[in-house]
Amino acid sequence: MKVTIYNSEKNKVGEMSVPDKFFAVQWNADLVHQAVVAHEANARNIVAHAKTRAEVRGGGKKPWKQKGTGRARHGSIRSPLWIGGGVTHGPLKEKVYARAINKKMVQKAIFSVFAKKYAQKQLFVVEGFNGLSAKTKTIKDALKNFVQGRESACVIFSKGHKDLARAVKNMPKARVMAPHSFNVVDLLTPKKVIVDKDAVSEIMAHYTIAKSE
């Protein structure tokens with residue numbers, strides 16, 4: 001498959017060959033949804049926890065004797081029936097929300113998002129970042145050619161552009177990702193995805209995609 005290459009001014013400067021499984025994967029909404037749900041579930045930080053009657057402090061003494069008072073019998077003031085007592089069927093931090101998903105499924109979901117973004121002209125492969133200074137204003141002016149108004153963007157730089165990556169981090173509507181550490185949510189969240197030309201080969205190497213495929 002041939003992919004169009006742009007410069008920092010959004011002018012077409014050529015094409016590059018990429019495997020069909022990279023940018024020509026058929027859109028699979030169910031698979032992408034499964035990958036998103038699994039990613040968010042595995043990243044979930046469980047903090048909600050309601051103490052049971054065994055965890056609430058106090059209540060070791062029987063509040064009053066069993067018979068003769070005319071009141072209902074109780075064995076502990078930490079019963080769920082009492083104010084300040086334990087909680088019945090409350091959220092517990094021991095609950096596991098993690099979901100298992102095959103690595104190949106995640107990979108296919110990522111490529112499905114790549115293909116859809118590229119087909120909708122929301123993904124651009126850009127070369128020419130080497131000549132830009134590592135200043136936020138310079139990078140912002142370059143990204144304005146691809147991002148309109150208040151649109152959000154995700155920029156994937158190659159490993160050799162760490163200085164440019166730091167400059168993008170100062171932009172509120174832009175995120176920077178390494179070619180080996182992004183996921184489905186990172187690609188779906190922003191409106192536009194800008195990929196450095198040098199990062200394409202690094203992405204293919206990370207996912208062990210042969211250029212000859």
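Modeller: Happy to. A pocket here is an open set of grid points where a 1.4 Å probe fits, with protein on both sides within 12 Å along at least five of seven lines. Keep in mind that this is a predicted model. The largest pocket has a volume of about 250 Å³. It is lined by 13 residues, and K140, G149, E151, M171 and K173 are the closest to its centre.

Colleague: What makes a residue part of that lining?

Modeller: An atom within 4 Å of a grid point of the pocket. Helix α4, residues 136-143, gives the most to the lining of the largest pocket, with 3 residues. By class, that lining divides into 6 nonpolar, 2 polar and 5 charged residues.

Colleague: And what about the second largest pocket, what is its volume?

Modeller: About 210 Å³ for the second largest pocket. Its lining has 13 residues, with S158, K162, A165, M177 and A178 the closest to the centre. Both α5 (162-168) and β5 (174-177) supply at least two lining residues each, and the largest share, 3 residues, comes from α5. Sorted by class, you get 6 nonpolar, 3 polar and 4 charged.

Colleague: Why does K121 count as exposed, then?

Modeller: Exposed takes over 50%. K121 has 63% relative accessibility, so it passes that cut-off. K121 is in the loop between α3 (103-119) and β3 (123-126).

Colleague: What stands out about the backbone at those lysines?

Modeller: Most residues other than glycine have a negative phi. K10, though not a glycine, has a positive phi of about 65°. K121 isn't a glycine either, and its phi is positive too, at about 60°.

Colleague: Now the sheet. How do you know that β1 and β3 pair?

Modeller: Pairing takes at least two bridges between two strands. There are 2 bridges joining β1 to β3, so they pair, and they run parallel. Y6 stands opposite V126 in β3.

Colleague: Which order do the strands take in the whole sheet?

Modeller: The 6 strands go β2-β1-β3-β6-β4-β5, in an open sheet with mixed pairing. The edge strands are β2 and β5, each pairing on one side only. From one strand to the next, the twist averages 30°.

Notes:
Residues numbered from 1 in each chain as written. Predicted model: local features only at pLDDT ≥ 70, side-chain atom pairs only at ≥ 80, totals over all residues. Heavy atoms only, no water. Helix = DSSP H or I, 4+ residues; strand = E, 2+ residues; numbered from the N terminus. Buried < 20%, exposed > 50% of the residue type's maximum accessible area, 1.4 Å probe, protein only. 1 Å grid on protein atoms, 1.4 Å probe; cavity = no way out; pocket = protein on both sides within 12 Å on 5 of 7 lines; lining within 4 Å. Points joined across faces, edges and corners; volume = space filled by probe spheres on them. Nonpolar A, V, L, I, M, F, W, Y, C, P; charged D, E, K, R; others polar. Axes fitted to C-alpha atoms, helices over the stretch in contact; angles between N-to-C directions.
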